[in-house]
Amino acid sequence: MNVCDGFVEAIGNTPLIRLQAASEATGCEIFGKAEFMNPGGSVKDRAAWWMIREAERSGLLRSGGTIVEGTAGNTGIGLAHICNARGYSCVIYMPDNQSPEKVEILDTLGADVRVVPTVPYANEMNYQKQAGRFAESLESAVWVNQFDNINNRLAHYESTGPEIWQQTDGKVDAFVCAVGTGGTIAGVSQYLKQQRDDIQLVLLDCIGSALYSFITTGVATMSEGTSITEGIGNSRITDNLDGAEIDWALQIADQDAVNMVYRLLHEEGWFFGSSTGVNVYGAFEVARKLGPGHTIVTVLCDGGGKYRSSLFNRDWLAKKGLSIA
Ligand code: PMP
């Protein structure tokens, strides 16, 4: 029999999906790693499990303990599922600029969700710092610290990267992906570069983030403006991203990401969130730059259901100056 024994064994081994319109328009093979098919519904399930597993192994997390984390939502959702499956309590700090659906899901899963004002990382009231302080104040709590806990990128080095290599028979020319903590791009790129050192690693950045500037100039300066995308963009170089071998970067406008999300929905039947729009648009751009005949892999981070009141709401989009083509 070929079965998964429980929640954590169902994480990973996601399909690699050929994106038809993007592939046909560019003459490349553009593939998306179906991370939305993880049991908690996003690319963050792998990181959540690797970080909890290490906390268990090291003895920091003991039976009946509490997991505390600051998250845009998806890491929290992964953690909340795993906490239920393994008997831990879960406390989640979230900034108030994320979709209400993610807050509702976390609440439904039984996490103690604390939505806090959105302030820059340098501010002591930033959601990540509040999570760290709260964990310190409890005796049996572990602060997951996904931004600087390198078990996050290890998850992608040990699982996502090898899966992509096997699924493409080693024929991948470029890996293209947006960055939040940096765990996905850093882990996958480390593995793929070890297999083939001329593979192109492309970081995609949204507006209002400092990562495009970091890759192109070496200095992390925030770009002007804001983005409606969730879970991506950063003002600093995390321990997960630090040292990653990235070859180049592209900045993707929200309208291009939104158009791509709707094209994937209407032309191919896929229902994705905004970071996936960034990723597929970026893969399309990279395919055009490399020319026909290349194989480009990106990540299908999460499904669209969590963004019904925002990305899939015409009035909400209009208020942000965005439209549906
Ligand atoms: N897309 C979504 C929807 C996410 O929640 C995240 C995680 N914050 C990412 C992309 C980026 O992944 P990573 O943290 O591994 O860089």
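In this predicted model, a polar side-chain atom of T181 sits 2.6 Å from an oxygen atom of the ligand. Two further side chains reach ligand oxygen atoms: N74 places a polar side-chain atom 2.9 Å from one, and an N or O atom in the side chain of K44 is 2.8 Å from one. On its own the ligand has 390 Å² of accessible area, and the protein covers 96% of it.

Turning to the overall layout, the domain assignment divides the protein into domain 1, made of 8-38 + 160-318, and domain 2, spanning 44-143. The centres of domain 1 and domain 2, taken over C-alpha atoms, are 24 Å apart. Where the two meet, domain 1 contributes 21 residues to the contact and domain 2 contributes 18 residues. About 1500 Å² is buried between domain 1 and domain 2, with carbon and sulfur atoms giving 48% of that area. On the domain 1 side, V8, I11 and K306 stand out: they supply 40% of the area that this domain buries against domain 2, more than any other three residues.

Polar interactions are also found at this interface. Between domain 1 and domain 2 there are 12 residue pairs in polar contact, both residues being at pLDDT 80 or more, and the salt bridges number 3. The side of domain 1 that touches domain 2 has 10 polar, 8 charged and 3 nonpolar residues. Elsewhere in the description of side chains, R46 and E163 form a salt bridge, with an N to O distance of 2.9 Å.

Definitions and conventions: Residues numbered from 1 in each chain as written. Predicted model: local features only at pLDDT ≥ 70, side-chain atom pairs only at ≥ 80, totals over all residues. Heavy atoms only, no water. Polar contact = N/O pair within 3.5 Å; in protein donor to acceptor, adjacent residues only side chain to side chain. Areas by Shrake-Rupley, 256 points an atom, 1.4 Å probe, with all protein chains shown as cover. Domains from an automatic or database assignment. Contact = heavy atoms within 4.5 Å. Buried area = accessible area lost by both parts, 1.4 Å probe. Salt bridge = Lys/Arg side-chain N within 4 Å of Asp/Glu carboxyl O. Nonpolar A, V, L, I, M, F, W, Y, C, P; charged D, E, K, R; others polar.
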